[in-house]
Amino acid sequence: MAASREVCEKVEDIAPLPPRSDQRRDRTAGFVIVGGGIAGVTCAEQLSALSPDDPVTLLSASPLIKSVTNFRQVGRALEEFDVEEKTTGALQKACPNVRVVHTQVRAADTDKHEVYTEDGETFPYTKLCICTGGQPKLITKDNPYVIGIRDTETVQHFQQKMANARRVVIVGNGGIALELVYEIEGCEVIWAIKDDSIGNTFFDRGAAEFFLPHLTAGKCEENKPLKRLKYTVTESSSDSPKKGDTAMGGALGPDWKDGWRMKGKHDQAAHRVQVEYQCEVQEVLTREEFTRTGQTAECFPGTSRAEEQNDDWPVYVLLTNKRLYGCDFVVSATGVVPSTGPFLHNDQFSVAPDGGLRVDDHMHTSVPDVYAAGDVCTASWEPAPQWFQMRLWSQARQMGSYAAKCMVADRDGEDIDMDFCFELFAHVTKFFNYKIVLLGRYNAQGLGKDYELLLRCTKGLEYVKVVLQAGRMQGAVLIGDTDLEETFENLIVNGMDLSPYGEDLLDPNIDIEDYFD
């Protein structure tokens, strides 16, 4: 999972996207979607429901696709769901007018309305939606000891390396890094983050302090069954694309870690984590390069100098704080970059500073009849006061669904209102086995210094933070089973003046749900 928490920049100084094309084309060409991740599959399913008589072609670089299951609408914008990996046949069976092709896209001719694949096929389209997601932003390329985690295939590679690992260095402070640090057992973990607190992408320093004890505590095992099936991809897959070693599968879903073994070589199961704050990776060294430097590697806390010197580590990591650690491999979990490669052979597409395809408020790119959704795109409209873009599976689902509605409406010459999900940022996830709900400007993003915070914390049980500005709730962080998410969502959306309630708003003796019902 990669992700920026900054508010979408205003685009007054950027040329506006051209109006959507009114050109009517042969409907037999149908809809084409590139990408078998959450955004692409959701788009295909929505197109099938809205336009069941039109052909829909989904081009996927992976033989497995990601589909949303167990969907539950918690509030108007807040939703919970699981992600199930399915074979392509499962989607085609559920949506008869959808054809899934396992192939890698090479290029697109937007003038001819055609998509070309590596195996020589041509797919004409009436409307095209690009949902190619993102690729791991690796700290260094082409290093066998540095891996990124993005999809099922990369997790499988990680699992193979973990089996014999004594120590691993994890770089990054986002969702993937948080989950790895908590899940890994039987292996020493060096966690290098550029911030002064853990989980900076998702919560503030107060919430980070709430989670710190769990870095070394034993995990709380859940006995409930998995909600989704697990598939793996073998190298001998007969229908694998012959080209394109960089092809990526769909992004991991919210419970990607379930069912994967993340135990290292050591017998002990306890967490052994050393956090290195406010630093980045300066250099990754081989054993030979390390020896030539003449430097001495740092000892892991609790390890003697003699023990450290006896370890022949295959790779060493020099951090910007000048500490140097040996390890078996490095996990680069520093986010993702939009995977736009096949579509940037010409200058037709308007690309945002973060590398994503710029889309307007109807998910339309700068090219007629071409849309984009999910991690590959950058929202370039003026956002609602409590919404901003993060590259998360929840927004990928929402964008994919909305893009399908826009494609059908545009083809039929109809107007469509923007989905309500873009009125309020809302995300549900889980870290350290706690339910996490993020609403609105949950970290006071873009509010300057003119705001106040209300906090409620019960050690080991819950953490509640509310962001207020001019007496109105702008955002909230809910950790634990607080049951406050729907009430707080309504308070943010309605913009109710909460000044009269003061700190009583979070008084645990007041049933706030009934009070504002």
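## Helix α4

In α4, the buried residues are Gly175, Ile176, Ala177, Leu178, Glu179, Leu180, Val181, Tyr182 and Glu183. Buried here means under 20% relative accessible area, exposed means over 50%, and partly exposed lies in between (1.4 Å probe, protein chains only). Because nine of the nine residues of this helix (residues 175-183) are buried, α4 is largely enclosed by the rest of the structure. Helices (H or I, at least four residues) and strands (E, at least two) are DSSP runs, numbered from the N terminus.

## Basis of the model

The model is predicted: local features need pLDDT of at least 70, side-chain atom pairs count only at pLDDT 80 or more, and totals for chains, interfaces and linings use all residues. Residues are numbered from 1 along each chain as its sequence is written, and side-chain values use heavy atoms, with hydrogens and water left out.

## Salt bridges

The structure holds 18 salt bridges, a salt bridge being a side-chain nitrogen of Lys or Arg within 4 Å of a carboxyl oxygen of Asp or Glu. One of them joins Lys465 to Asp204, with 3.1 Å between the closest N and O atoms. This pair links distant parts of the chain, 261 residues apart: Lys465 belongs to strand β26 (residues 462-469), whereas Asp204 lies in the loop between β13 (188-192) and α5 (205-211). Both Lys465 and Asp204 are buried.

A salt bridge also connects Lys405 and Asp419, whose closest N and O atoms are 3.4 Å apart. Lys405 is in helix α8 (residues 393-411) and Asp419 is in the loop between α8 and β23 (426-431), 14 residues apart. Lys405 is partly exposed, with a relative accessible area of 27%; Asp419, at 17% relative accessibility, counts as buried. The side chains of Arg72 and Glu80 meet in a salt bridge as well (2.4 Å, N to O), and Arg72 counts as partly exposed at 45% relative accessibility.

## Strand β24 and its partners

Strand β24 (residues 434-440) is largely enclosed by the rest of the structure, because seven of its seven residues are buried. Two strands pair if DSSP finds at least two bridges between them. Strands β23 and β24 run antiparallel and are joined by six bridges; within this pairing, Lys430 stands opposite Lys435 in β24. The hairpin of β23 and β24 has two residues between the strands, and Phe432 takes a positive phi near 55° there.

Strand β24 is also joined to strand β27 (residues 472-479) by five bridges, and these two strands run antiparallel. Leu438 stands opposite Val477 in β27.

## The sheet β6-β7-β8

Three strands in the order β6-β7-β8 form an open sheet with antiparallel pairing. Since β6 (105-109) and β8 (122-124) stand at the edges, each with a single partner strand, one side of each is left without a neighbour in the sheet. Neighbouring strands of this sheet are turned by 20° against each other on average, direction ignored. Axes are lines fitted to C-alpha atoms, for helices over the stretch in contact, and angles run from 0 to 180 degrees between N-to-C directions.

Strand β7 (residues 114-117) pairs with β8 in the antiparallel sense over three bridges, and Tyr116 stands opposite Thr122 in β8.
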